[in-house]
Amino acid sequence: MTSQEIRQSFLDFFASKDHKIVSSAPMVIKDDPTLMFTNAGMNQFKNIILGNDPIKYPRVANSQKCLRVSGKHNDLEEVGHDTYHHTMFEMLGNWSFGDYFKKEAIAWAWEYLTEVVKIDKDRLYVTIFEGAPEEGLERDEEAYEIWKQYVPENRIINGNKHDNFWEMGDTGPCGPCSEIHVDIRPDSERVKVDALELVNQDHPLVIEIWNNVFMQYNRKADGSLTTLPAKVIDTGMGFERLCMTLQDKTSNYDTDIFQPIIQEIGKISGKKYGEDEKVDITMRVIADHVRTIAFSIADGQLPSNAKAGYVIRRILRRAVRYGYTFLNMHEAFMCKLIDVLSEVMGDAYPELLAQKSLIEKVIKEEEEAFLRTLEHGIKLLDKNLSEMKAKGKTVLDGHVAFTLYDTFGFPLDLTELILRENGMTVDLDGFKIEMEQQKQRARNAAAMETTDWVVLKEGETRFVGYDSLETESELLRYRKVTQKNKSYYQLVFAETPFYAEMGGQVGDKGQIISGDETIDIFDTKNENNLTVHLANKLPKELDVHFVLTVNKELRKATIRNHSATHLMHEALREVLGMHVEQKGSYVSPESLRFDFSHFQKMTQEEIRQVERLTNQKIRENFPLDEFRNIPIAEAKEMGAMALFGEKYGETVRVVRFGSSTELCGGTHVQATGEIGMLRILSESSIAAGIRRIEAITGHAVEKMMDLQQDTLANVRELFNNTPDLTKAIQRSLDENAELRKQVESFMQKQISELKEKLLANAREENGVKVIRFQSDFAAETIKTLVFQINNTFSEQIKNVDSDSQSLMVVIGGLHEGKPSLTVLLSKDLVDKGYSAVNLVREGAKHIQGGGGGQPFFATAGGKNPAGLAQAIESIKLA
């Protein structure tokens, strides 16, 4: 069976068991503060499991694209070194929400594996939860009794809490699980060692293939467990491992999922897979990582320096670094693999085909940027090596190794490799300390403690904010949150006009009022599909009616900006072409930011055209035409465009202004005239093929125009209210340029005269000509003077037989009240081991400063002008 046939067979099997087959959610998660990436098939069903969303289909199955870079067996630095772990992988899964439980889940898993895809029953082993008496958890006898019907008892293995008790997090749904393992070793190996000894022992050919999670408990903040009212089945089977088993391979990377990519890497690099271990590891790393990067970009996550973008950039750079080191690939190459990746996975995931051009451009730009960074890192390491050799050191400082890792993307093993080639090592303990300190800083920044929800009343929140900014409501639940030593409360109400931050629109602010008590709501978030109102204190009385009031002015400003993004999106497509697609947005009361696909910088005229078109649509005063809860197919027929990387439900909301039609859950103006006016502030690139516009609307435009008019009036006044201001400014610039030339000519003459005077009056100290001087010149002028002195001195000693062949120049500057030091040494002094850097740093102590530079030329700044004279005199050659 091909991988495509295997995937389809799983979906067809569960469809025959009355499961609703749903599409994969995006791999990148946008509106969940607890997760950056989909790391399991259950992520998209989390709100149903938590009871925050209604159960639409009690039985569901799908193939979900997932990403894991940490946790059990998922250390990024290990991917590629074995044959069966990945960053991105597909998880085949089936779910039951309050419908069937262990009996059916186990029976169907066994039926699919042994009857549909016909895996040898004698090669299958299962684990069950052995219990945890310390937590009052008994052995999963129910699962044991069911498995006895299919598997000999000796192949039912007890598993500990670490392997066989699944938990969503520190709190939330959890329960025992039962893993199915397969032994794909050759018969000659099986007779030597029983697979019972190898299950869960990280053997590459005795592997877990399917995990059945039986969610039956809820973990509370105090660690106690309560029984879930509706039990959940959550299963996950590794698609790549299933393909390896069914295609009779001993490595995931030998299947038809990866081999076309690996063969293409071989063509590009001129290397052959299977002949050299380091080359093989490299090809596996690249084949794995290019999938992760491509799918992330397709889902709207570009490489960056923050959060999810940083993870993607780190993965991309790891692949580039492996190719650079072991395949000698010093030019962009991963971008050339997207064609073959699209052939392998494009049918199952059409977003790859639709976004192919963008993916290639983004990856190419990232590769080229990192290759430049790698070159800089190698130069820095070479510099450190030279300094170490000069000092007779053989161990690189751990801090330097960590800087290479953190700033230049140099993994430790690359640094070690280069050091080994030079007979040196690295201070591993120092590196580990730096790494742990960074991890601790990250943990501290992200650490959040939450108490259990205190449920006052059962119910779901109804959002009324499309139609009203004020409503009366009851408090359903609350909890306390502590983060960065600050505490606040999360409040959930039965009805709310507050919009929770989603889809790029910021959350509302406002107040809740009860009697004589008013509490500020400083933000509103969406958490697991709950509208959570954030307040610094808890209401005194909880079981009362509250009036919830949104800050009207802030909401109005926000909706002006949000509706403007819709109109501007349409204008961009009209001006630039229909290839323009939204790639991200941010809408706040102050401004709007809109990211879109386009492969070149917009001209000033194009920006003006977009502005004019948008403002024309605003003046048309198109009324809001809104369609709530309509089928997504109907929405698409209306012309609404679904964005890649977004997960839509079966019913959606459509927002239309004139011909602008979009799927959108945000809040908007009632008519476009309310926006007032749009003004684009900037247009820039944020990645290959992705542009960003920042703009303002309404009152913000008025303020900006007032400021510009006032500035223009002030400038005009400076030029005696000339009618032709541009001409007057140009004339002034021309005059200034001519005067600058005259000043520079004068300064050059002064410097030349001063140079001759200083050389003539140079003192001789121990056979070295020494010039010491204090001036009020600017730093650049001092630098020019010092280099002219050195050049003239070099010419003099060529033409004149002199005993003194050495020169040291020490100049102290006091420019605009700030002291500085400049030291220059002739080449022969540097060759003897003297360093201008060491000398200037010693002198800088007198001016309370520090400095640096090169062995022959260094500068320092300070904050104590009184010590300048002493600093100049203190600099002496030992």
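Which helix does Glu-434 lie in?

Guide: Keep in mind that this is a predicted model. Glu-434 lies in helix H16, which covers residues 428-446. Its relative accessibility is 19%, and because the cut-off for buried is under 20%, Glu-434 counts as buried. Leaving aside residues up to four places away in sequence, Glu-434 touches Gly-398, His-399 and Phe-402.

Now on to the second largest pocket, with a volume of about 560 Å³. Its lining has 16 residues, and those nearest the centre are Lys-383, Glu-387, Ser-835, Val-837 and Pro-855. Helix H13 (356-391) and helix H24 (836-844) each bring at least two residues to that lining, with H13 giving the most, at five.

Four strands form an open sheet in the order S22-S23-S28-S27, paired antiparallel. Strand S22 (582-587) and strand S27 (678-687) are the edges, each pairing on one side only. On average, neighbouring strands here are turned by 15 degrees against each other, direction ignored. Helix H17 (residues 552-576) packs on this sheet and touches S22, S23, S27 and strand S28 (690-697). The direction of H17 makes about 25 degrees with that of S23. Zooming in on one pairing, S22 and strand S23 (residues 592-597) run antiparallel over five bridges. For Val-587, the bridge partner in S23 is Leu-592.

Terms used
Residues numbered from 1 in each chain as written. Predicted model: local features only at pLDDT ≥ 70, side-chain atom pairs only at ≥ 80, totals over all residues. Heavy atoms only, no water. Pairing = 2+ DSSP bridges. Axes fitted to C-alpha atoms, helices over the stretch in contact; angles between N-to-C directions. Contact = heavy atoms within 4.5 Å. Buried < 20%, exposed > 50% of the residue type's maximum accessible area, 1.4 Å probe, protein only. 1 Å grid on protein atoms, 1.4 Å probe; cavity = no way out; pocket = protein on both sides within 12 Å on 5 of 7 lines; lining within 4 Å. Points joined across faces, edges and corners; volume = space filled by probe spheres on them.
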